[in-house]
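Open the structure in your viewer and keep the selection tool handy. We will go from stop to stop, and at each one you will be told what to select and what to look for.

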Amino acid sequence: MQYYVYILTNKSNQVLYTGVTNDLVRRMYEHRHHLDADSFTAKYKVTKLVHFEHTNDVRAAIQREKQIKSWSRARKDDLITQSNPTWDDLYNSILG
């Protein structure tokens, strides 16, 4: 099974959200359609996928999520910029 650590932002790239899932397409659908209307991502309109990583190890995915969440905003920005220099929405690339 694949596990994904991902980072979302809003339209203006001001807010970051880091999460982990075993189904990135499903999870993105949930975020984009605000299935939990009271969630952080719904409140701040955080629906733009700007970074994701995958692993077969659920423990490694959870650990990586915690690691990224502990980082400063500048370090998260650097991570995103390394893999996605223009901060494009990567959603279409995961639809396959």
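Which residue with a positive phi follows α1? Select His34: this residue comes after α1, and its phi is positive, near 50°. Before you go on, keep in mind that this is a predicted model.

**Stop 1: helix α1**

Now select residues 24-32, which make up helix α1. Colour Leu24, Met28 and His31, because these residues are buried in α1. They cover an arc of only 60° around the axis, so they sit on the same side of α1.

Then go to the N-terminal end of α1 and select Asp23, which caps it. A side-chain oxygen of Asp23 lies 3.4 Å from the backbone nitrogen of Val25.

**Stop 2: strand β1**

Next, select β1. How many of its seven residues are buried? Seven of the seven are, so this strand is mostly covered. Tyr3, Val5, Ile7 and Thr9 point one way from β1, while Tyr4, Tyr6 and Leu8 point the other way.

- β3 pairs with β1 in the antiparallel sense, over seven bridges. Select Tyr4 and you can look for its bridge partner in β3, His54.
- β2 also runs antiparallel to β1, and six bridges join the two. Select Ile7 to find its bridge partner in β2, Thr18.

Between the strands of the β1 and β2 hairpin there are six residues. Click on Asn13 in this hairpin: its phi is positive, near 60°.

**Stop 3: Thr21 in strand β2**

Stay with β2 and select Thr21, which lies in this strand. Is Thr21 buried or exposed? Its relative accessibility is 6%, so Thr21 counts as buried. Beyond its neighbours within four places in sequence, Thr21 is in contact with Gln2, Tyr3, Tyr4, Tyr6, Arg26 and Arg27. Look at Arg26 in particular: its side chain makes a polar contact with the side chain of Thr21, at 3.3 Å.

**Stop 4: helix α3**

Select residues 58-70 for helix α3, which has 13 residues. From its first C-alpha to its last it reaches 19 Å, close to the 18 Å expected at 1.5 Å a residue. Colour Ala61, Glu65 and Ile68, the buried residues of α3. Seen down the axis of α3, its buried residues fall within an arc of 70°, so they line one face of the helix. Turn to the face away from that buried side and you will find the exposed residues Arg59, Lys66 and Ser70.

Which elements cover the buried residues of α3? They include β1, β2, β3 and α4. At the start of α3, select Asp57, where a side-chain oxygen reaches to within 2.9 Å of the backbone nitrogen of Arg59.

**Stop 5: the nonpolar cores**

Now select Tyr3, Val5, Ile7, Leu16, Val50, Ala61, Ile68, Trp71, Leu79, Ile80 and Trp87 together: these 11 residues form the largest nonpolar core. The elements that give two or more residues to this core are β1, α3 and α4. β1 supplies the largest share, three residues. Apart from this core lies another, of 10 residues, among them Tyr4, Leu24, Tyr91 and Ile94.

**Stop 6**

Thr41 is found in helix α2 and counts as buried, at 4% relative accessibility. Its side chain makes a polar contact with the side chain of Ser39, at 3.2 Å. Asn92 is in helix α5 and counts as exposed, at 62% relative accessibility.

Key:
Residues numbered from 1 in each chain as written. Predicted model: local features only at pLDDT ≥ 70, side-chain atom pairs only at ≥ 80, totals over all residues. Heavy atoms only, no water. Helix = DSSP H or I, 4+ residues; strand = E, 2+ residues; numbered from the N terminus. Expected span 1.5 Å × (residues − 1). Buried < 20%, exposed > 50% of the residue type's maximum accessible area, 1.4 Å probe, protein only. Arc of directions from axis to C-beta. Contact = heavy atoms within 4.5 Å. Polar contact = N/O pair within 3.5 Å; in protein donor to acceptor, adjacent residues only side chain to side chain. Core = buried A, V, L, I, M, F, W, Y, C linked by side-chain atoms within 4.5 Å. Pairing = 2+ DSSP bridges.
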